[in-house]
Amino acid sequence: MGHWLCAKRGVQAEGVVTRFDARFWTVDFPRPMMAAVTTVAADGLRVDCTFQRQDDLAGLIWASEDRWDHPLLAYQTSRDFRACRLRFRWRSFGVRALDAVNGPVLTIEGRDAGGVARAWYVRLWNYAVGAAEDAVVSLDFADLDGGFLLPGEADPVFAGDVDRMFVSLVAPGYTGMAVDLPVAAEGWVELTDIACDGPGSVLAIGEAVVPEHELGIASGYDDSYNLTPARLLRNALHLGYRGAIVHYVGMSHYFRLSGGVVTLTGGALNRPCAAWHRDFARRAKALGYGVIWSLSYELFDAHCPAAWKQRAADGSPALTGWVPPSTLLSPANGAAMAYLQAVARAFMGVALEAGLPPKFQVGEPWWWVQPANHAPCLYDAAAVAAFAPVPIVSMRGPKTAAERATLDRAGACLAASTAALTAAARDAAPGCETHLLAYLPTILDPLSPEAKRANMPVGWASPAFDVLQLEDYDWAATGDTASTRAGVAAAEARLGYPAARQHYLSGFVLRREDAGQWAAIDAAAGAAQARGVAATVLWALPQVMRDGFIHFRGDEDVQAFDDVMFPLALGREAEVAPGFSTAILTSAGGTEQRNAGWAEALTRYDVGPGVRSEADIATLLAFFRARMGPARGFRLRDPFDFAGTGERIGVGDGAIRRFALVKHYGASVRRITRPEAGSVAVAVDGVAAGFAIEAGGWVTLDIAPAAGRVVTASFRFDVPVRFAEDRLSVQRQTFGAGAAASVPLVELREVVA
């Protein structure tokens, strides 16, 4: 395992992207409104909005500098737009139309020709052809004027030094006043057929691909709501993360509001959030990711009903340290828990709609302990009615029998609430895999030895959940390995989940200036891997992108390989070309000196003739993308050479039991690393022997052959190969005319111990 903090791209692979590519727009807006941008086509995007106030305004933003993508993948900074022409089709509903006062305006922020900072306001209707809610907008940045009425109010734009530009979107009821709308207003805008041309229309963009590695990734909607799902997932894919993404749905952007508080009226999720997550789920599925949907008991305080909040004995609410703060929902409050259950069902519906296997996580459920005085928040009205807590001034230090009993009852209440929440997820998605995320530094605070009674209740013990997920970023980020070991051992002893049913979340780095903590986080992830957990996950992708963190395998994984078969049968015209590396030196007299660089041939293949239909083309392209071109190896069945019969693989000495599969070609020996499962038979002096197959084409006999006994094997095998090139070209026109595609593959020389 290893890591690197990439501050900027250097020699790594680059490609090009058209400026104004739909994936790279963002949105911004004030609380409490909500908006989300998704890509509806390669050249199209959609913005969904929910307006709460008469002064709510959403901005659809294109930034000259990419401040969101990982430095390895960011697009080129270019502030000069004068050589660009932008054209798109505008369609909208439920927002101020193009021709209206306070209708959509393109605000351009930058500097004038003299370097003085300023902004220009370009009314899109002045450059539109069509109807106010369905028009084609054409913008030539070399000849563009701000101002409402043209030409009388023309304000010529200097587009040579632009920081960002954004399209403003407001509700029909917009007045600019800080007053609530009578009811929340929903609207949308689509920009399709986006085209940018001119000499300045193309930007360089990072296209490096980190080989797939052993770590998973977490994400958080509250940190990524402004990005398109396509952009977020592009980063995860290119940085080598695979498996199931742990996706925290957040505490501040998913809910609907009525009268300033959360509501289930109209559904559990607001429309922009639902649109974003449907797109996220669909794209995750297409890229081969699973999603573990994480829902916590945390909710943005300003919109939480007062009765739902956990409270200390003095009546003060549980408030986190975020600014503005979130609060914690009381596990004893039936309405609060019913709300969470509805949210869980909604996200399970999103998963099922996308065809994702349902996976649900209860994220860090606990009774809050106030940081300043360590007072537990066990005293909201519902909690008092449910388990009659005795007064506990502080969680620090030893506790009386009555206090311990109170904490046990609080724990039972918490466990019952998590059981009901996972039951709701399973009801919505039968077969749902359930996860519990426990934050060990708080639950197992050595200064509060009885806190685990309330916050790691025995009701969580196996098999209450399918997977126990442990998180300890306060320890991991500071390299406190001793606390991690002790905390994991305590959690295992109390809850009984073996390592094989655990996930470990390593990270995260809260502040950019603490990026040096990634070294300890990477090491903690490696230690969890060595412990044998089922999955190790970095928390979280937004911080990985911000800090330029890159994780990679060590030398043991130089040749990344997917143990899957090439999906198409080879045609009769498939080309098979074994080759050697031989240096030949010819003397003046014509004699030769030959130096064979390889003991075994490496074979090149062209499997293009196996592509026989458009369905085959689709299969091939999907397989190529899944392998990331030549980055990942795979199996290929050579139609001319795929079996060995009675191959001599060794001679016994009375002690050795492990032998490598090989095939002989005269005096040349070929190592077989990918035998077909179930095809291997082993004999000792012609008598069948018991054995086991190990990865890499090794057989281990049940009994060591006596000295001099000949060990033979028969088997079928596949060839480990990779795509030979970074690009794959298959044209429908030439395919239809009978011209076979060229799909070159290269055999891999696998190093197996």
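I looked up the annotated domain first: the unreviewed UniProt entry places "domain: Non-contractile tail sheath TIM barrel" at residues 211-549. UniProt positions follow the numbering used here, feature names are shortened, and annotations may be inferred rather than shown by experiment. I noted that this is a predicted model, in which local features need pLDDT of at least 70, side-chain atom pairs count only at pLDDT 80 or more, and totals for chains, interfaces and linings use all residues. Residues are numbered from 1 along each chain as its sequence is written, and side-chain values use heavy atoms, without hydrogens and water.

I then checked the span 211-549: its end C-alpha atoms lie 14 Å apart, and the span is 40% helix and 17% strand. Helices (H or I, at least four residues) and strands (E, at least two) are DSSP runs, numbered from the N terminus.

Next I examined helix α11, residues 518-531. This helix has 14 residues and reaches 20 Å from first to last C-alpha, close to the 20 Å expected at 1.5 Å a residue; the expected span is 1.5 Å times one less than the number of residues. Just after α11, I found Gly532 with a positive phi of about 95 degrees.

Finally I turned to an open sheet of 3 strands, which has the order β37-β43-β42 and antiparallel pairing. Two strands pair if DSSP finds at least two bridges between them. The edge strands, β37 (658-660) and β42 (691-694), each pair on one side only. I recorded 3 bridges between β37 and β43 (residues 698-701), and Ala660 stands opposite Trp698 in β43.
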